[in-house]
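These are my notebook entries on what I looked up, written for someone who is new to the model. I kept them in the order in which I worked.

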Amino acid sequence: MTDARLRRRKIVNGLMFSLTAACTIACLAVLFVILGYIVYHGAAALDWSFLTRLPKPVGEPGGGIANAMVGSAKIVALAAVLGVPVGVLGAVYLHEFGHNRIGFVIRYAADLLNGMPSIVIGVFAYGLIVLPMKRFSALAGSAALAVIMIPIVLRSTEEFLRLVPASLREAGLALGVPRWKVILLVVIPSAWGGILTGILLAVSRIAGESAPLIFTAFGNRFWDNGWLNPMSALPLTIYTYAISPYEDWHRQAWAAAMVLVLVVLAGNVLARLLMRGGRGASNA
Amino acid sequence: MSDERTYSILEARGLSAGYGSGDAIRNVNMHFYDKRITAIIGPSGCGKSTLIRCLNRMHEEIPGTQVRGVVALSERNIFHMDPVRLRRQVGMVFQRPNPFPTMSIFRNVAAGLILNGLRGERSLAEVVETSLRQAALFDEVKDKLDQPALNLSGGQQQRLCIARALAVEPKVLLLDEPCSALDPIATAKIEELLLQLKDQLTIVMVTHNMQQAARVSDWTGFMLMGELVEFGRTDEIFTTPRDPRTQDYITGRFG
């Protein structure tokens, strides 16, 4: 090989290596720039009273997001109560009985639903719950979020059920245990770490959704009046404050964003830790 | 041909089974005598695992299996029985040890009773101890019954699986190559254990290890390409086989 060709190859190699490295750095940088930016702007307005007080009227200094935090927790909790059983039990059905055309169709539909823009799901909940009841409500918000959750939980749960070795199911059946008990008491517990991880990832995904809540839960500047009334949520507060013309509200939007990011991040980290535990159990 | 001191508790009559394309076993007629060990030997792919799985309908767990013929347990056709009830009477131990990973040693042994909600007069602890003693495992694990079952060695796990199967007090215990994943010492322990167990129940084992069949069993069936070539007393099969194919196999000419 001539020297010139070798040199050319080395240069191309160096260029391509730099290009891939630069793209990797760009990917990571986006995450850290966002986090840094939010902390930079948010930390200033973040203090104890911000977390424990209700919003104040425009012009009055101070005020907090206590109602939004509680509202988010309630809406997400109800969404999980509605969505998790459907997702998990649906996954059990798919895993046990879905080795046919129907199973294929269900999986495909779940993937389509997963890719559905969240605002469309919000409109769906608006038409299905808000319009007939003639009121915005936390219930409608939770229903919208539950719809987003179901396909995520369904697919992740099915994946983890698939990791449970068939030999365990056979061991149970060979003891004369009915199939439904084998699934409930042997198969699901063996996959539990993974199933829980999927649920937590789905929860942290819906905790950050604002679009489906805009015309369902609507938002509220006071403590909520129950599930059938408008309720505040962190993403809604961020949205409202961020598009407002007031300097003070912008600051609060940053701080609320920081709180939301930290909560979601904590949920993600917790999910990863559980996943490690779950994988360990299914490997051994 | 029969065993004059005992009777046939389990019987296959004209049994054929297959997985969609062609039959894995064809027209098998075989008796399993009460409180005796019957070994099924043969080269890989001869259908011996299919046969043993049919005996407690575990073949139904493999999608697309069809079965023709009859398997009778104490003169009742098992294909007309509830599979759950059948499997409480005909237990099974598999090739690879498969203790429940989320359960302790104690709960693994008690699993059949706990999961079924069966509680007799004997306490759970009593059943667990008896079963572990029958499986010659009690002395090794008595101080760590609440530890995860996966902490045990492979041979111990397999004996744990035998204890788990014994705890529901089956009449027949099926073993599908129970020692093929184990080392020679663990294998010897299991063989010894089987010889002790045959006072209490009927044992059917599949093995591709001819020496094991010769050492342990009272009756031996030799299978080849889905057919039961010869069935008889173990000493006769191994010393004076009637079929030349059996002769070839036991003298190591193929398989």
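I began with a convention: a crossing is left-handed if the near helix is turned anticlockwise from the far one by less than a right angle, and right-handed if clockwise. I took helices (H or I, at least four residues) and strands (E, at least two) as DSSP runs, numbered from the N terminus.

I noted that this is a predicted model, in which local features need pLDDT of at least 70 and side-chain atom pairs count only at pLDDT 80 or more, while totals for chains, interfaces and linings use all residues. Residues are numbered from 1 along each chain as its sequence is written, chains are lettered from A and ligands numbered from 1 in the order in which they are written, and side-chain values use heavy atoms, with hydrogens and water left out.

**Entry on a helix pair**

I looked up how α3 (residues 105-116) and α4 (residues 124-134) of chain B pack, and found an angle of about 115° with the axes 9 Å apart; axes are lines fitted to C-alpha atoms, for helices over the stretch in contact, and angles run from 0 to 180 degrees between N-to-C directions. The crossing of α3(B) and α4(B) is right-handed. Contact means heavy atoms within 4.5 Å, and on the α3(B) side I listed Phe106(B), Val109(B), Ala110(B), Leu113(B) and Ile114(B), which meet residues of α4(B) including Leu124(B), Val128(B) and Leu132(B). By class, this contact has 10 nonpolar, one polar and no charged residues; Ala, Val, Leu, Ile, Met, Phe, Trp, Tyr, Cys and Pro count as nonpolar, Asp, Glu, Lys and Arg as charged, and the others, Gly among them, as polar.

**Entry on the sheet**

In chain B I traced an open sheet of six strands with mixed pairing, in the order β6-β7-β8-β3-β9-β10, where two strands pair if DSSP finds at least two bridges between them. Its edge strands are β6 (90-93) and β10 (227-233), each pairing on one side only. From one strand to the next, the twist averages 15°. Helix α6 (residues 154-167) of chain B packs on this sheet and touches β6 and β7 (172-176), its direction making about 170° with that of β6(B).

I then followed β9(B) (residues 219-224), which runs antiparallel to β10(B) and is joined to it by six bridges. Among the partners in β10(B), Glu230(B) faces Phe222(B) as its bridge partner, and Arg233(B) is the bridge partner of Trp219(B). How many of the seven residues of β10(B) are buried? Five are, so that strand is mostly covered, where buried means under 20% relative accessible area, exposed over 50%, and partly exposed in between (1.4 Å probe, protein chains only).

**Entry on positive phi**

Most residues other than glycine have a negative phi. I found Met225(B), in the turn of the β9(B)-β10(B) hairpin, with a positive phi of about 50°, and Met225(B) is exposed, with a relative accessible area of 65%. Asn27(B) also has a positive phi of about 50° although it is not a glycine; Asn27(B) is found in strand β2 (residues 23-33) of chain B.

**Entry on two serines of chain A**

Ser204(A) is found in helix α8 (residues 179-207) of chain A and counts as buried because its relative accessibility is 9%. Its side chain reaches the backbone oxygen of Leu201(A) at 3.1 Å. Ser72(A), in helix α3 (residues 66-97) of chain A, also counts as buried, at 9%.

Notes. A polar contact is a pair of N or O atoms within 3.5 Å; within protein, one must be able to donate a hydrogen and the other to accept it, and residues adjacent in sequence count only if both atoms are side-chain atoms.
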